[in-house]
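Let's take a walk through this structure together. Have a look at the sequence and the 3D view first, then read on.

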Amino acid sequence: MSRVPHVVLLLFAVLLAQPATAGWNYRIGEPAPEFQLEALDGNVYRSTDLKGKWVVVSFMTTWCPFCNAAAPHFEKLNQEYGKRGVRTFIVDISERSDIVSGWVKKQKLSCPVLLDGTGEVTTRYAPPPDFVPDLKREEVMIASFMIIDPEGTIRFLALNEDVASFDARLIKLRARLDALLPEP
Amino acid sequence: MSRRLAALAVFAGLGAAPVVVRAVEVVTVIPPAGVEAKPGAGTLVALRVVVKPGYHVQANPVENPSLIPITLKMDAAASVSVGDPLYPAARRMRLPGDNQDLVVYDGTFAIALPLTVEPNARAGATVILKGTLRYQACDDRHCLLPVTLPVALAVTVGAR
């Protein structure tokens, strides 16, 4: 047998050996899609304005239990990592601004909350359809957390691939931020 | 109207309310067949709700008012009035790292709907009640967008 089939077999073996949660790597290393969204505070935020900064984005809805559980911890993360120059945003998916506004006050969130009224921007950030194909792309992104580096490259995307993936305290997100950010 | 015709009317009624089409059908509503209520009397009708295995829906009432409780809304029809639905007790669960419980339903459960038929309703008449069931479902990993399902319920006016 030539060496090429061996390489192919090896590749197949590696692919088959991947755990079911291999989707953990979805979109990592890709450039973050560009966006321009109005926030609750009335400002318009553009992805191009964020170049040169570490950015953490969470895609949320007011009615999502995962989001409600994580929101206080996301605010803590915003406070703590903001001191290290990290810009933190929430992208709200397809909800009325008055509903979002009430929720933000209740959760005492201080980071900008961008309104993706149609879900179109969220969909552009979503993994391809082979990840949980039964769900709409914006559904896959509900309660997801993303780190974008100063070059505009996605470095982390938490999508709740398995039961153990979610923790409201955002332990994995914090660990990844700590690993990526320069020492304070 | 015969029971068969009444059943057909129920299915025809399903198309009248707005339908959210989705790939994952999480909830199925099974209205009881052969509901009969006497004029001037009240009755309690149980609608069976089946949640797809692995999923749960937010209970009614919810403890966190930001969440969307499962809600049955049925419109009154000529000669039949509808009371407030009665929801079952919920199961408590907690997300990892959260400090608050969620109250949810899963599996199969019933929502009871009080009905009252007017005293002068004609015996033998079949009334189709129409309404919606709104819910928001999650599994252990993902939450789905809220869904509003059409619901139809045939009620036959019994003899006095």
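In which sense do strand S4 and S5 of chain A pair, and over how many bridges? Strand S4, residues 87-93 of chain A, pairs with S5(A) in the parallel sense, and the pairing runs over four bridges. To see one spot in that pairing, find Ile90(A): it stands opposite Val113(A) in S5(A). Keep in mind throughout that this is a predicted model.

Now for the helices that sit on the sheet. Helix H2 of chain A covers residues 65-82 and packs on the sheet. Helix H3 of chain A, residues 97-107, packs on the sheet too.

| Helix | Strands touched | Direction angle |
|---|---|---|
| H2(A), residues 65-82 | S3(A), S4(A), S6(A) | about 160° with S3(A) |
| H3(A), residues 97-107 | S3(A), S4(A), S5(A) | about 155° with S5(A) |

What about the sheet itself? In chain A, five strands make an open sheet in the order S5-S4-S3-S6-S7, with mixed pairing. At the edges you'll find strand S5 (113-116) and strand S7 (154-158) of chain A, each of which pairs on one side only. Going from one strand to the next, the twist averages 20°. As a bit of background, strands in a sheet pair through backbone hydrogen bonds, and they can do that either parallel or antiparallel.

Zooming out, chain A has six helices and seven strands. Follow the chain along its sequence and you get the pattern α-β-β-β-α-β-α-β-α-α-β-β-α. Chain A has 184 residues, and 51% of them count as buried. Take the contacts in chain A between residues at least 6 apart in sequence: 69% of these join residues at least 24 apart. As for the surface, chain A exposes about 9000 Å², with carbon and sulfur atoms supplying 58% of it.

Finally, the aromatic rings. Counting over all chains, the structure holds seven aromatic pairs. One of them brings together Tyr105(B) and Phe109(B), a tilted pair with 4.5 Å centre to centre and 35° between the planes. Are these two residues buried or exposed? Tyr105(B) has a relative accessible area of 3%, so it counts as buried. Phe109(B) is buried as well, at 9%. Back in chain A, Phe35(A), Phe59(A) and Tyr125(A) come together in one aromatic cluster.

Key
Residues numbered from 1 in each chain as written. Chains lettered and ligands numbered in written order. Predicted model: local features only at pLDDT ≥ 70, side-chain atom pairs only at ≥ 80, totals over all residues. Heavy atoms only, no water. Helix = DSSP H or I, 4+ residues; strand = E, 2+ residues; numbered from the N terminus. Buried < 20%, exposed > 50% of the residue type's maximum accessible area, 1.4 Å probe, protein only. Contact = heavy atoms within 4.5 Å. Areas by Shrake-Rupley, 256 points an atom, 1.4 Å probe, with all protein chains shown as cover. Pairing = 2+ DSSP bridges. Axes fitted to C-alpha atoms, helices over the stretch in contact; angles between N-to-C directions. Phe/Tyr/Trp six-rings, centres within 6.5 Å; stacked < 30°, edge-to-face > 60°.
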